[in-house]
There are 2 protein chains.
Amino acid sequence: MENQDLKRAGLKVTLPRMKILEILEISNKKHMSAEDIYKVLLETGDEIGLATIYRVLTQFESAGLVIRHHFESGQAVFELESGKHHDHLICVKCGKIVEFLDEAIEAKQNEIAQKNGFLISDHSLIIYGICDNKSCQQ
Amino acid sequence: MENQDLKRAGLKVTLPRMKILEILEISNKKHMSAEDIYKVLLETGDEIGLATIYRVLTQFESAGLVIRHHFESGQAVFELESGKHHDHLICVKCGKIVEFLDEAIEAKQNEIAQKNGFLISDHSLIIYGICDNKSCQQ
DNA sequence: ATGTATGCAAAACATTTGCACCTGG
DNA sequence: CCAGGTGCAAATGTTTTGCATACAT
């Protein structure tokens, strides 16, 4: 019952918000741009303005429902906040994204921040490479 | 003699290229956006078009003279390629940037990429936080 | 009812490109 | 001289915003 999530976030339960949340939940792509979501909505016959999608995603971000990433693509992508922090491994050829979490790296980061007098608020680790997909091997 | 760098990169030694390289070298800000560089040039009285700055920076990047970063600011920033890979610690309040390198993290990353069948090509680790500057403490 | 949301079009940015002119080697 | 570089203006792509209308509670 994701409507609860919206209400809890202090957002009215409207059609655009429900649809967008639903797409983020059921899509097999876990990281979607505003445009990606817009296209899916068009296919479904739901006519939601791109501006609304941006507004809703920004609200979702503020509410902690989604996380916005700036991968090198030039477009921001959004993923549902799962509660479990993780980092990303991205295939530069096919765009495949693998999530991972490494406690040793996390610990080291905290150590580094502390050593430099920083109170850590967030971090972003992205590893770019070529995955073992047949079509990506040259 | 940075002119050599330009020649070695197969680029003609022109005024805009020299100026831009010089700014990147002498500026106390090691990470500058195209706009930052443009402003410095205006102050110096050198009228170089913003388009040229973007073109030159892109060429420098291809030539391996500079590295382009996409920090969350929406603008790309460029830093001189020092030859020594490093990651960044950024203060979200004052913008201060500290560079660091941690061998353990680097090693772990390779391990993770390999474990997931990725041939690593690059990576980006950015830690965001609040630095110990007086003015940044609340 | 009424405060919020949405749609649309226009604006705001960052970046790129076309093209006529200029310049370095 | 001549290929390549630059300036300017216009085009592009992404995201934001103003405003009149529509909707949830």
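This is a predicted model: local features need pLDDT of at least 70, side-chain atom pairs count only at pLDDT 80 or more; totals for chains, interfaces and linings use all residues.
How many residues apart are A:Lys115 and A:Glu111 in helix 5 of chain A? Hold that thought.

Some background. Side chains of opposite charge can pair when their charged atoms come close. Across all chains, the structure holds 16 salt bridges. I'll take a few of them.

Back to my opening pair. A:Lys115 and A:Glu111 are 4 residues apart. That is about one turn of the helix, which covers residues 103–115. Buried or exposed, where does A:Lys115 fall? A:Lys115 is exposed, at 62% relative accessible area. A:Glu111 is partly exposed, at 37%.

Now chain B. Look at helix 1, residues 2–8. B:Asp5 and B:Arg8 sit there, 3 residues apart. Again, about one helical turn separates them. They form a salt bridge too, with 3.2 Å between the closest N and O atoms. B:Arg8 is exposed, with a relative accessible area of 66%. B:Asp5 has 22%, so B:Asp5 counts as partly exposed. The cut-off for buried is under 20%.

Next, a pair in chain A. The side chains of A:Lys29 and A:Asp36 meet in a salt bridge, 3.3 Å from N to O. A:Lys29 has 44% relative accessibility, so it counts as partly exposed.

Note on methods:
Residues are numbered from 1 along each chain as its sequence is written. Chains are lettered from A and ligands numbered from 1 in the order in which they are written. Side-chain values use heavy atoms; hydrogens and water are left out. A salt bridge is a side-chain nitrogen of Lys or Arg within 4 Å of a carboxyl oxygen of Asp or Glu. Buried means under 20% relative accessible area, exposed over 50%, partly exposed in between (1.4 Å probe, protein chains only). Helices (H or I, at least four residues) and strands (E, at least two) are DSSP runs, numbered from the N terminus.
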